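Thanks for making the time this morning.

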Amino acid sequence: MHADVVVIGLGAMGSSVLYQLVRAGYSAIGLDRHDPPHRFGSSHGETRVTRLAIGEGAEFVPLVAMSHAIWRELERETGETLLVECGALMIGSDAAPTLHHGKADFVRRTIAVAEANAIAHEALDADVIRGRYPSLIGVGEADIGYFEPSAGYVFPERIIASELALARRGGARVLTETEVLRVEQGPDGVRIGTTNGTISTDRVIVAAGIWTGPLLGGVYDATLAVRRQVLHWFETEPDELDVLRELPVVIWQHGAGNGDYFYSFPVLPGQTSFKAASEQHGETCSPDRLDRAVRPGEAEVLFDRHLRGRIRGVGPAARRSAVCAYAVTPDHGFIIDRHPEHDRIHVVSACSGHGFKHSGGIGHAVVAALNDPAASDPNFALARFM
């Protein structure tokens, strides 16, 4: 088989890239070791947070803005609901240091990004937060808030399925249950060895997520840490259900460490459970040794550490849970760059736990820059780790 471009990995980034390749007129093949959307990578669990003001850095803002526009186009083409702008509330302390994705004073950073990019928002003090959201019972006197009405959540599995369906309709070949064994660049192109044969291509885009390090080795294997994450859907009190449905997405930083925060979603229509999670930063593993079973007591630990005394109407028992994994760089940023030794191999990973909101825009940007090295964003260069 041959195609202009082959995409390895069809999760958040790979499915977006494949869709954009077809739109740009490339012949393309997409490969995935499972059958996406699936539960083995980083892009499952029903919902993901999206927000336009990105406290991780202003360089991310154009990507998420493009993502929102692309998802609205996808909604019109497919009839699916993909993006829900229910608003997002971020809470942090104005008196003590807080850290999120490696960035200090994250609420203030987010406000500054919103102001610099004319993103509609409100800066809230503790009294306003308590008055507006009475179910948030743990707001302290020194807490401040940032509310963004155009933020909310997306449905990752629906987005991936929609992108792959439209890519197939446009002529892309999608090979699932196909593991990539090797990627070798030669003088005339790239040969990809898989469990279903060999594919030749002019260029390859590796969007393999947690499998990027094992596949490419070298600096990628040394740089990308694979971290296990657990999502929980907690029981709710019937009398509080309507209030929990009306909450925005909440991102609450209540301590000084990267893991001293949680994020949550409003109870979705037709459901009665409350999804909440944090990020685990200490547990690093290989993709093949990732413990995908939820351990006894994990939900209770998250509830006690993060939700107890902060959200009314949510109980400690989890109705269900799910395990996913992040590939994380040392600075919690992205890698979107050409391979340092092979100019026909492009790498789109890792996303460090905050990538899905940017995935639509990244797919668009990667394809636009496919044949123009000067168009690559230096903020996402691999060289910063070498």
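Predicted model: local features only at pLDDT ≥ 70, side-chain atom pairs only at ≥ 80, totals over all residues.

Residues are numbered from 1 along each chain as its sequence is written, and side-chain values use heavy atoms, with hydrogens and water left out.

Let me begin with helix α10, residues 359–368, which is mostly covered, seven of its ten residues being buried. Helices here are DSSP runs of H or I with at least four residues, strands are runs of E with at least two, and both are numbered from the N terminus. Buried means under 20% relative accessible area, exposed over 50%, and partly exposed in between, with a 1.4 Å probe and protein chains only. The buried residues of α10 are Ser359, Gly360, Gly361, Ile362, Gly363, Val366 and Val367, and what covers them includes α1 (12–23), α2 (61–78), β14 (197–206), β21 (336–338) and β22 (345–348).

Which element gives the most to the lining of the second largest pocket? That is α10, with four residues. A pocket, on a 1 Å grid over the protein atoms alone, is an open set of points where a 1.4 Å probe fits, with protein on both sides within 12 Å along at least five of seven lines, and lining residues have an atom within 4 Å of a point. This pocket holds about 310 Å³ of space, where the volume is the space filled by probe spheres set on the grid points, joined across faces, edges and corners. Its lining has 18 residues, of which Ile336, Ala365, Ala369, Ser376 and Asp377 lie nearest the centre, and the elements giving two or more residues are β21, β22 and α10.

Strand β22 brings us to Val347, which lies in that strand and is buried at a relative accessible area of 0%. Leaving aside neighbours within four places in sequence, Val347 is in contact (heavy atoms within 4.5 Å) with Val206, Thr212, Leu216, Tyr220, Ile335, Ile336 and Asp337. Val347 and Ile8 are 339 residues apart in sequence, yet 9.5 Å apart in space, C-alpha to C-alpha.

Turning to aromatic rings, those of Phe, Tyr and Trp (its six-membered ring) pair if their centres lie within 6.5 Å, with planes under 30 degrees apart counted as stacked, over 60 as edge-to-face and the rest as tilted. The count comes to ten aromatic pairs. One of them, Tyr153 with Phe265, is edge-to-face, at 6.2 Å centre to centre and 80 degrees between the planes. Because Tyr153 lies in strand β10 (152–154) and Phe265 in the loop between β17 (261–264) and β18 (274–277), the pair ties together parts 112 residues apart in sequence. Tyr153 is buried at 6%, and Phe265 is buried at 2%. Tyr153, Phe155, Tyr261, Tyr263 and Phe265 form one aromatic cluster.

Finally, how many disulfides does a search of the whole structure find? The result is zero, taking a disulfide as a pair of cysteine sulfur atoms within 2.5 Å. For Cys324, the nearest cysteine sulfur, that of Cys285, is 11 Å away. The sulfur of Cys351 is 13 Å from the closest cysteine sulfur, in Cys324, and is therefore too far for a bond. Cys324 is buried at 1% relative accessibility, and Cys351 is buried at 17%.
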